[in-house]
Amino acid sequence: MAGTPPRPPSRLTARLDVRRYKNVLAVFPHADDETVTCGGTLRRFADTGATVTLLLLTAGERGNPRGVVDPALKAVRHREAEHAARVLGISRVIQEDFGDGQLRQETERVAAYLWRRIEEINPDLVLTYDLAGLDGHDDHVACSEIVTSLRQQRFPNTPIWYVALPAWLLRLVIMVGQVRTDARLDRRRATPTHRVFIGAAVVPKIRAWRAYRSQRGAIGKGLGKLLPAWLPVTLLQFEYFADAA
């Protein structure tokens, strides 16, 4: 259910005016994905009066350093997501339970579910991962493939922004082991076409990131356990996106 990654831009990424969007849907597999990748932008949308819906596809029961199923994490991560959403001004959190680490096996069910939800919400913008899943996590990749396919087949007029990283930042997170890279993923990785200045929204983004207490030890990988690469990412004044069109 894959699409074609966006072409690299021929010029510097353009700054976008978030005021043009009034009904934004963010679709991610796990609670905290939204905060790390685009929390500042979500807050910027909310501050302009937009309705922002966060749709999470799993309950995140594998969100621990060993990646094993912990049923107790479901309730914890749901509470954390609700807390982070309040900080970011998100209007509504919808959290499903298709199985953490199982989205690939549940593609048809997830696609049917998302079709109904997108029709119901009728967003004027959808945010999600790129076709490399940003960091290569299989749930991230599957999520992007499903959303991209639905856009092509069912919602061709609904714009999608893939969260993306500029080359310098991508090199940093690869260097500290936060993002895995291989030839297949690199071919599918989106190059930013747009950026959003988050400004003062960096403060609620940091507060939302701190709300995910259960994920402090689970997010860091490699050298990132000493200095998580997502920490400087959280502090950036811009967030980057690739237009899936």
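This is a predicted model: local features need pLDDT of at least 70, side-chain atom pairs count only at pLDDT 80 or more; totals for chains, interfaces and linings use all residues.
1. Some totals describe the chain as a whole. Of its 245 residues, 58% are buried. Among contacts with a separation of 6 or more, 83% are between residues 24 or more positions apart in the protein chain.

2. The strands should be considered next. Eight strands form an open sheet with mixed pairing, in the order E1-E7-E8-E6-E5-E2-E3-E4. Strand E1 (14-15) and strand E4 (92-95) are at the edges; each has a single partner strand, so one side of each has no neighbour in the sheet. In general, the strands of a sheet pair through backbone hydrogen bonds, and the pairing is either parallel or antiparallel.

3. Strand E5 (residues 125-128) and strand E6 (residues 160-164) run parallel and are joined by three bridges. Leu 127 has Trp 161, in E6, as its bridge partner.

4. The geometry of H1 deserves a separate comment. Helix H1 (residues 33-47) has 15 residues, which at 1.5 Å a residue should span 21 Å; the end C-alpha atoms are 20 Å apart, in agreement with that expectation. After H1 comes Gly 49, with a positive phi near 95°.

5. H1 is also mostly covered, since twelve of its 15 residues are buried. Among the buried residues of H1 are Asp 33, Cys 38, Gly 39, Leu 42 and Phe 45.

6. H4 has 16 residues and reaches 22 Å from its first C-alpha to its last, close to the 22 Å expected at 1.5 Å a residue. H4 is mostly covered, with 13 of its 16 residues buried.

7. Why does Asp 33 count as buried? Buried means under 20% relative accessible area, and Asp 33 counts as buried because its relative accessibility is 6%. This residue lies in helix H1. Leaving aside residues up to four places away in sequence, Asp 33 touches Phe 28, Tyr 129 and His 140. The side chains of Asp 33 and Tyr 129 make a polar contact of 3.1 Å. Asp 33 and Trp 209 are 176 residues apart in sequence, yet 9.7 Å apart in space, C-alpha to C-alpha.

8. Is His 30 buried or exposed? With a relative accessible area of 6%, His 30 is buried. His 30 is located in the loop between E2 and H1. The side chain of His 30 is joined to that of Asp 100 by a polar contact of 3.0 Å. Not counting residues up to four places away in sequence, His 30 touches Leu 56, Thr 58, Arg 77, Asp 100, His 137, Asp 139 and His 140.

Key:
Residues are numbered from 1 along each chain as its sequence is written. Side-chain values use heavy atoms; hydrogens and water are left out. Helices (H or I, at least four residues) and strands (E, at least two) are DSSP runs, numbered from the N terminus. The expected span of a helix is 1.5 Å times one less than its number of residues. Buried means under 20% relative accessible area, exposed over 50%, partly exposed in between (1.4 Å probe, protein chains only). Two strands pair if DSSP finds at least two bridges between them. Contact means heavy atoms within 4.5 Å. A polar contact is a pair of N or O atoms within 3.5 Å; within protein, one must be able to donate a hydrogen and the other to accept it, and residues adjacent in sequence count only if both atoms are side-chain atoms.
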